[in-house]
Amino acid sequence: MENEQYKINKLIDASNWDMWKFQIKVILNAAEIFDVVTGKSKTQILAKIGNETEDEARKRHRFLNMENVR
């Protein structure tokens, strides 16, 4: 799933809500984050920014978590 982009219809109004909701749910399930987004799971996910490596992202997350301890 890494670095993949998806093209979905823009949510305009209630007229395309059902299709938009379905597309978003499929994408979030494919990324294995649907339960996190809906709040069903409290698992933390590692979010990478741009071309950041996984190690760089982990260091940034540790740094941000240390700032919140104060």
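## Salt bridges

A salt bridge here is a side-chain nitrogen of Lys or Arg within 4 Å of a carboxyl oxygen of Asp or Glu. By that rule, the side chains of Glu54 and Arg58 are joined in a salt bridge, with 2.7 Å from N to O. Both residues sit in helix 3 (residues 54-67), 4 residues apart, or about one turn of the helix. Helices (H or I, at least four residues) and strands (E, at least two) are DSSP runs, numbered from the N terminus. Glu54 is partly exposed at 40% relative accessibility, and Arg58 is partly exposed with a relative accessible area of 40%. For these labels, buried means under 20% relative accessible area, exposed means over 50%, and partly exposed is in between (1.4 Å probe, protein chains only).

Searching the whole structure turns up 2 salt bridges. Besides the Glu54 pair, Arg60 pairs with Glu52, and their closest N and O atoms are 2.7 Å apart. Arg60 is partly exposed, at 22% relative accessibility, whereas Glu52 is buried at 16%.

Residues are numbered from 1 along each chain as its sequence is written, and side-chain values use heavy atoms, with hydrogens and water left out.

The predictor's confidence in each residue, pLDDT, runs from 0 to 100. Its mean over the protein is 81, and 84% of the residues reach 70 or more. Among the elements, helix 1 has the highest mean pLDDT (92) and helix 3 the lowest (78). Where pLDDT is low, the predicted coordinates should not be read in detail.

## Overall layout

Of its 70 residues, 9% count as buried. Contact means heavy atoms within 4.5 Å. Among contacts between residues at least 6 apart in sequence, 11% join residues at least 24 apart.

The accessible surface of the protein comes to about 6500 Å², and carbon and sulfur atoms account for 53% of that. These areas come from the Shrake-Rupley method with a 1.4 Å probe; for residues, only the protein chains shown count as cover.

## Helix 1 and the segment before it

Start with Gln23, which lies in helix 1 and is buried at 17% relative accessibility. Leaving out residues up to four places away in sequence, Gln23 touches Ile8 and Asn9. A polar atom of the Gln23 side chain lies 3.3 Å from the backbone nitrogen of Asn9. That is a polar contact: a pair of N or O atoms within 3.5 Å, where within protein one must be able to donate a hydrogen and the other to accept it, and residues adjacent in sequence count only if both atoms are side-chain atoms. Asn9 turns up again with Asn16, which is in contact with Asn9, Lys10 and Leu11, neighbours within four places aside. Asn16 belongs to the segment before helix 1 and is buried, with a relative accessible area of 15%.

Two other pairs are worth a look. Ile24, also in helix 1, is partly exposed at 23%; Ile24 and Ile8 are 16 residues apart in sequence and 8.0 Å apart in space, C-alpha to C-alpha. Tyr6, in the segment before helix 1, is partly exposed with a relative accessible area of 36%. Between Tyr6 and Ile27 there are 7.9 Å in space, C-alpha to C-alpha, and the two are 21 residues apart in sequence.

## A nonpolar patch

On the surface, Met19, Phe22 and Val26 make up a nonpolar patch with about 300 Å² of accessible area together. Patches are made of residues with over 30% relative accessible area and no salt bridge; like charges are joined within 9 Å, and nonpolar side chains (Val, Leu, Ile, Met, Phe, Trp, Tyr) within 5 Å. Phe22 has its place in helix 1 (residues 17-30) and is exposed, with a relative accessible area of 54%.

Most residues other than glycine have a negative phi. Glu32 is not a glycine, yet its phi is positive, at about 60°. Glu32 is found in the loop between helix 1 and helix 2 (34-38), and is exposed with a relative accessible area of 70%.

Methods
This is a predicted model: local features need pLDDT of at least 70, side-chain atom pairs count only at pLDDT 80 or more; totals for chains, interfaces and linings use all residues.
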